[in-house]
Amino acid sequence: MSIIIPELIVIGTAFAIVLADLFMSERTRVVIAPLAALGLLAAIAVNAIHTPVTGELLGGRFAMDPVAWWFKILFMTAALFTVLLSIDTLDGRAGVRARGIGFRGEYYSTILFSVVGMMFLVSARDLATLFVSLELATLPLFVLAAWRRDDPRSSEAGLKYVILGALAAAFIVYGFGILYGLAGSTNLDVIAQRLAGPYTPAFLLAVALVLAGTGFKLTIVPFHMWAADVYQGAPTPVTAYLSVASKAAGLAFAFQVLYRLFGGWVPHWGLLIAVFAALTMTLGNVVAIVQHNIKRFMAFSAISQAGYFLLGFLGAADAGVPAMLFYLLVYIVSNLAAFACIIWFANETGKEHIEDYRGLSLTNPLMALALMVALFSLAGIPPLSGFVGKFFLFSIASQAGYHWLVAVAAVNSTISLYYYLRVVRQMYIEPPADPAAPLRASMSLSATVAILSVGVVTLGIFPMVYDHIHATTIAWLASLAQG
Amino acid sequence: MIADAVYTVMFYGFSAAVVILALAAVNMRQLLRAALALMGMLALSAALYIMLRAEFLAGVQILVYVGGIVVLIVFAIMLTRSSELLEDRPRTLTRWYGGVSSILFMLVACGALCTTPFPVQSDAQPAGDEVRKIGLALLEQGSAGYLLPFELISLLLLVAVIGGTVIARKTRPRNQPFTTGGDLRGEAIVQAARGQGDVTPGDRHS
């Protein structure tokens, strides 16, 4: 029973927020965000300390394993920081208030429900739960993208996201239907066993459909076209959440599909995965160079990062799984740190162009430093955690024999360094536009940025985290081989 | 013999009608007609389910899709002026691109599904209590049950309702305070606090 307690805590918090919001006056609604953060913190603590890393519930329909355990911690951490970063924007504690954003109770509960969907997604063991929890994870994101209702770009983002999301869901459910028809069972492990054998045409069709849907969730080129517009139009804290949590959920779904459902086949699909990885990295990086809006810029940066994640699927699972999980942790921390600064800057100035960041090192040196460290980590500069994460992924691709892909990835890292440096140049070399008036950051936001920056710096220096991920996931792979 | 022939003719007749109505739903210029074609298509696919002895699925199809979703679409069309929005036709290139890619997808899917032998369950004779079995399976907690997805769907519907109310709620375009976004009662409170209480609580619609 205890393996489901973190989920129940998050669901309970979400319901408490919805109910409390009903009876609160507009002034007292400021307590909603701390309530959501406390609920997530409690769930993380319970998951980390109390929950066993293996277990089953409901006759095996809900299962906990070390990989799910790590994913749940990552999902809840991403949501916790998103809540902390949203406080200033939603409470209007900003130099330039974002108009048309409100409904605090609904906002935080929608985020929490999305996290619940992701947590069930990674524990699902049959097609029905997998699909329903995937929808529960993504449907709140459509709503959140359209949250600024008097901003046409936000509505456009929501509409594009919901239409293309429905298309991806249709692909996935069509593929699932064919898989059920072929295997006669909804259990993922049973399907994997019964379909082991020569390819049938319908099986290939199902694989193509499911992988296309997965590519949509992970923003793999050519299924990435929604990302830029949605990232740009959504409210900035939501963009931060999308870039980390939606990517984490996409990776969790890819794990379920590629390791559990098609586990026997993936070693034969290496070239296909490698081509998609190369395409995704290259397109994301090349298009990011010419962007002016920083949210759009981060969208293409996130697309190129998805290409790096794919490298992990190329090698043996015992090396790939811990490397991808570690890079996911690094990516979440680094990207959230960068977005924390972007959210803060948008709150203070209402601007989101890269050129607007000029002279930030004079107006707020600490924020500029935090943004620079986060961007360098995303680019993979050595002492920072991004370098270590990328190093593991590159070495997997290299061991698997894809030397050309490692070369492509290395070139892409260099390109990415160029465009991340564009932002740094604006902050440190260009003079500020106006006479430098210092910009201030609120207490909660400064604390969040500080915690995230410490994470960005230390995760790469102290090897304990990676060792721990590696040690626990080996047990998962052993259980996968038996099942 | 005759019963079999009638069954076959009816099955293919319904199938052809479903395809024609689905094409009509996509291609109709007027939204209301498209919605009606969609309704007919969904109802006829319910007929197909009945012929395949999937009575429960047919009932759900009628209740949820025909009775719920299409009626909702019709309401949405009639309450908004969305019939005027579709005046501009898509470009010829777009139409060709969409047509060719969907026909290609149809050919690939049909080819793949026709050439694959699907395993057929041996007990083809239904026992007559499928609805009861399905209902019990949805609530069973064991390994044969679907309690978890069934409960998750309730969360999914709840978050859809919450999101729908947030997006559709009446907004005032101007003088909108930062946090309330259309919540006029909260707006009145905030504006009173700012000392410019020009919002009368009477004009809210909550």
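Helix H1 (residues 2–27) of chain B and helix H2 (residues 31–51) of chain B have axes that come within 8 Å and cross at roughly 155 degrees. That makes H1(B) roughly antiparallel to H2(B). The crossing of H1(B) past H2(B) is left-handed.

This is a predicted model, in which local features need pLDDT of at least 70, side-chain atom pairs count only at pLDDT 80 or more, and totals for chains, interfaces and linings use all residues. Residues are numbered from 1 along each chain as its sequence is written, chains are lettered from A and ligands numbered from 1 in the order in which they are written, and side-chain values use heavy atoms, with hydrogens and water left out.

Some terms come first. Helices (H or I, at least four residues) and strands (E, at least two) are DSSP runs, numbered from the N terminus. Axes are lines fitted to C-alpha atoms, for helices over the stretch in contact, with angles from 0 to 180 degrees between N-to-C directions. Angles under 35 degrees count as roughly parallel, over 145 as roughly antiparallel, 65 to 115 as roughly perpendicular and the rest as oblique. A crossing is left-handed if the near helix is turned anticlockwise from the far one by less than a right angle, and right-handed if clockwise.

| Helix pair | Axes come within | Crossing angle |
|---|---|---|
| H1(B) and H2(B) | 8 Å | roughly 155 degrees |
| H13(A) and H16(A) | 9 Å | roughly 155 degrees |

H13(A) spans residues 317–349 and H16(A) residues 385–399. They are therefore roughly antiparallel to each other. H13(A) passes H16(A) in a left-handed crossing. Among the residues of H13(A) in this contact (heavy atoms within 4.5 Å) are Phe326(A) and Tyr327(A). Those of H16(A) include Lys390(A) and Phe392(A). The contact residues divide into 10 nonpolar, five polar and one charged. Here Ala, Val, Leu, Ile, Met, Phe, Trp, Tyr, Cys and Pro count as nonpolar, Asp, Glu, Lys and Arg as charged, and the others, Gly among them, as polar.

**Between the chains**

In chain A, 52 residues are in contact with 46 residues of chain B. The buried area is about 4,100 Å², and carbon and sulfur atoms give 71% of it. This is the accessible area (1.4 Å probe) that two parts lose on being put together, summed over both. Glu26(A), Phe103(A) and Arg149(A) lose the most area on the chain A side, together 16% of what that side buries.

How many salt bridges (side-chain nitrogen of Lys or Arg within 4 Å of a carboxyl oxygen of Asp or Glu) cross this interface? The rule finds zero. Over all chains the structure holds 13. One of them joins Glu7(A) and Lys72(A), at 2.6 Å from N to O.

**A loop in chain A**

Pro222(A) lies in the loop between helix H8 (201–218) and helix H9 (227–233). Its peptide bond from Val221(A) is cis, with omega near 10 degrees. Thr219(A) is in the loop between H8 and H9 too.
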